[in-house]
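Hi,

Here is the structure I promised to pass along.

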Amino acid sequence: LRDGQSVADVAILIPTEDAFAGIRPGQATVNGQMQRYITGGLTAQVLDAGYSFDYVDDKSIETLGVNHKVLILPRVNRISPEAYQRIADYVAKGGKVIAVDRVPETAPGFANAAEKTAQVRAIGAKLFASGSANARQVAEAGVGAALRAATAPDLVGATPAIGFVHRKLPDGDLYFVANTSASPVEAKLSFRDQSRKAQWWDAVTGKAYAWTPG
């Protein structure tokens, strides 16, 4: 599974600035704050809908932009205007953004806070304007449906017990599918990337078998 490149359609923004702002005595860790934003329910929505995901943050977006099909903003309030503008540019080029429960409204930090917050709100008002096709605000329970509306799932038919990894190889695609539960699972799975020539490999015996997708 080190061969090729990872295929992940979804990026989830790590709300580091919100986590810093939420630190209190006895709750002085960023990781401890993250469960308020990136919840188990949110990641389950993404995985069960048939997608893999990566984490990104403000700084990576400012530097590299967004390189995934869909970006999720998990209850993000604080975001730099520079990162938010890169997100707006990404959407203008066809990228999709899903804001969970709320849209960002505040710039982090104290330097020029009022001016930068006004910039954040102006970007958000345009980005999430009524009728916007590529930027939506949804409740956490609606994330899976919003993802399917934004782009085709990588794996159709998955159950919560089934996990998968998709790697892009120079000459094809590799899917590693695993039952993560302690009980047998039967499911009919359909892969987005299909080929007329395919194999399925037995991870226990190492044997490879011809397989016709469908």
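Which residue just after helix 5 takes a positive phi? That is Gly-94, with a phi of about 110°. Helices here are DSSP runs of H or I with at least four residues, strands are runs of E with at least two, and both are numbered from the N terminus.

Before you dig in, some ground rules. This is a predicted model, so local features need pLDDT of at least 70 and side-chain atom pairs count only at pLDDT 80 or more, while totals for chains, interfaces and linings use all residues. Residues are numbered from 1 along each chain as its sequence is written, and side-chain values use heavy atoms, with hydrogens and water left out.

**Overall**

The chain has seven helices and twelve strands, and its C-alpha trace spans about 65 × 40 × 30 Å along the principal axes. Of its 214 residues, 39% count as buried (buried is under 20% relative accessible area, exposed is over 50%, partly exposed is in between; 1.4 Å probe, protein chains only). Taking contacts (heavy atoms within 4.5 Å) between residues at least 6 apart in sequence, 66% join residues at least 24 apart. The chain exposes about 12,300 Å², with carbon and sulfur atoms supplying 53% of that; accessible areas come from Shrake-Rupley with a 1.4 Å probe, and for residues only the protein chains shown count as cover.

**Cores and helix 5**

The largest nonpolar core has 24 residues, and Leu-71, Leu-73, Tyr-84, Ile-87, Val-97 and Phe-128 have the most contacts inside it. By nonpolar core I mean buried Ala, Val, Leu, Ile, Met, Phe, Trp, Tyr and Cys residues joined through side-chain atoms within 4.5 Å. Strand 2 (10–13), strand 4 (70–74), helix 5 (81–92), strand 5 (96–100) and helix 6 (113–127) each put in at least two residues, and helix 5 gives the largest share, six residues. A second, separate core has 18 residues, including Ile-38, Phe-53, Val-100 and Ala-150.

Helix 5 is worth a look in your viewer. Its buried residues are Pro-81, Ala-83, Tyr-84, Ile-87, Ala-88, Tyr-90 and Val-91, and their cover includes helix 4 (58–64), strand 4, strand 5 and helix 6. Leaving aside residues up to four places away in sequence, Ile-87 touches Ile-61, Val-66, Leu-71, Leu-73, Ile-79, Val-97 and Leu-127. The length checks out too: at 1.5 Å a residue the twelve residues of helix 5 should span 16 Å, and its end C-alpha atoms are 16 Å apart (expected span is 1.5 Å times one less than the number of residues).

**Salt bridges**

There are nine of these, each being a side-chain nitrogen of Lys or Arg within 4 Å of a carboxyl oxygen of Asp or Glu. Here are some of them.

- Lys-59 and Glu-62 pair at 4.0 Å, N to O. Both sit in helix 4, three residues apart, about one turn of the helix. Lys-59 is exposed at 57% relative accessibility, and Glu-62 is partly exposed at 25%.
- Arg-75 pairs with Glu-140, with the closest N and O atoms 3.3 Å apart. Arg-75 is in the loop between strand 4 and helix 5 and Glu-140 in the loop between strand 6 (135–138) and helix 7 (143–150), so the pair ties together parts 65 residues apart in sequence. Glu-140 counts as buried at 18%.
- Asp-154 and Arg-192 meet at 3.5 Å, N to O. They link distant parts of the chain, 38 residues apart. Asp-154 is buried at 1%, while Arg-192 is partly exposed at 26%.

Asp-154 and Arg-192 also belong to a network of salt bridges with Asp-9 and Lys-69. Asp-9 lies in the loop between strand 1 (5–6) and strand 2 and is buried at 4% relative accessibility.

Most residues other than glycine have a negative phi. Arg-75 has a positive phi, near 60°, and so does Asp-101, near 70°. Asp-101 is in the loop between strand 5 and helix 6 and is partly exposed, with a relative accessible area of 35%.

Cheers
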